[in-house]
Amino acid sequence: MSDQALLDSMAHKMDGAIDHLKKELAGLRGGRPSLSLLDHVIVSYYGTPTPLKQVGNLSMPDNRLFVIQPWDPSSIPDIEKAIQTSGLGLTPANDGKVIRIPIAPLSEERRKEFVKICRKYVEDTKIHIRGIRRETNDALKRLKKDAAMTEDDLRRREADVQKVTDGRIHKADELLKKKEEEILEI
């Protein structure tokens, strides 16, 4: 693999880590709830693990209520169980046809707990990005050892690797800052 191909592969992997972080953060509730909060809820639908959004129509008639209208009303108990065990702290109620989930405002304690979770997600992402950097630098050193590049080329490429790494870590920090502001917003 050429040195440019290594850098391209590294950037692609790091972008994947940032995309994963965005999905993780979207699943955490901020000051204003959104339906993306339910994206990680998996329902046992006829014995098959299925994302909640694939078992019914999800809507938000106002900013304090989620409404789920299942395609099959017999799946309501499974949907309620999945929501209750999701760790989101939501309590669904049903009338036999639809499930309503009232969204209470977050307490200060719960907000701080969500900020801690966000920071953990971001730190895990940074660790992953640094691991990708290390793998790429090791591969570049192997190229140098195999005489496929000079010492000067190696140093330049390592500087390029560091620049890309710093950019992705900065992006993760920006995502954290934005999510913290959203969570702490009243």
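1. A residue is called buried here when its relative accessible area is under 20%. The model is predicted. In helix H2 (residues 76-84), the buried residues are Ile 76, Ile 79, Glu 80, Ala 82 and Ile 83. Viewed down the axis of H2, they fall within an arc of 160 degrees, so they line one face of the helix.

2. The face of H2 turned away from the buried side carries Pro 77 and Lys 81, both exposed.

3. Side chains alternate along S6.

4. S6 runs antiparallel to S4, with four bridges joining them; Phe 66 has Ile 101 of S6 as its bridge partner. S6 also runs antiparallel to S5, through two bridges, and Asn 94 is partnered with Ile 99 of S6. S5 and S6 form a hairpin with four residues between them, and Gly 96 in the turn has a positive phi of about 95 degrees.

5. Elsewhere, helix H1 (residues 3-26) packs with helix H4 (residues 151-184) at an angle of about 10 degrees, the axes being 11 Å apart. Angles under 35 degrees count as roughly parallel, and H1 and H4 are therefore roughly parallel to each other. Residues in the contact include Leu 7, Met 14 and Ile 18 of H1 and Val 161, Val 164 and Leu 175 of H4. By type, the contact residues divide into twelve nonpolar, two polar and eight charged.

Note on methods: Residues numbered from 1 in each chain as written. Predicted model: local features only at pLDDT ≥ 70, side-chain atom pairs only at ≥ 80, totals over all residues. Heavy atoms only, no water. Axes fitted to C-alpha atoms, helices over the stretch in contact; angles between N-to-C directions. Parallel < 35°, antiparallel > 145°, perpendicular 65-115°, else oblique. Contact = heavy atoms within 4.5 Å. Nonpolar A, V, L, I, M, F, W, Y, C, P; charged D, E, K, R; others polar. Buried < 20%, exposed > 50% of the residue type's maximum accessible area, 1.4 Å probe, protein only. Arc of directions from axis to C-beta. Pairing = 2+ DSSP bridges.
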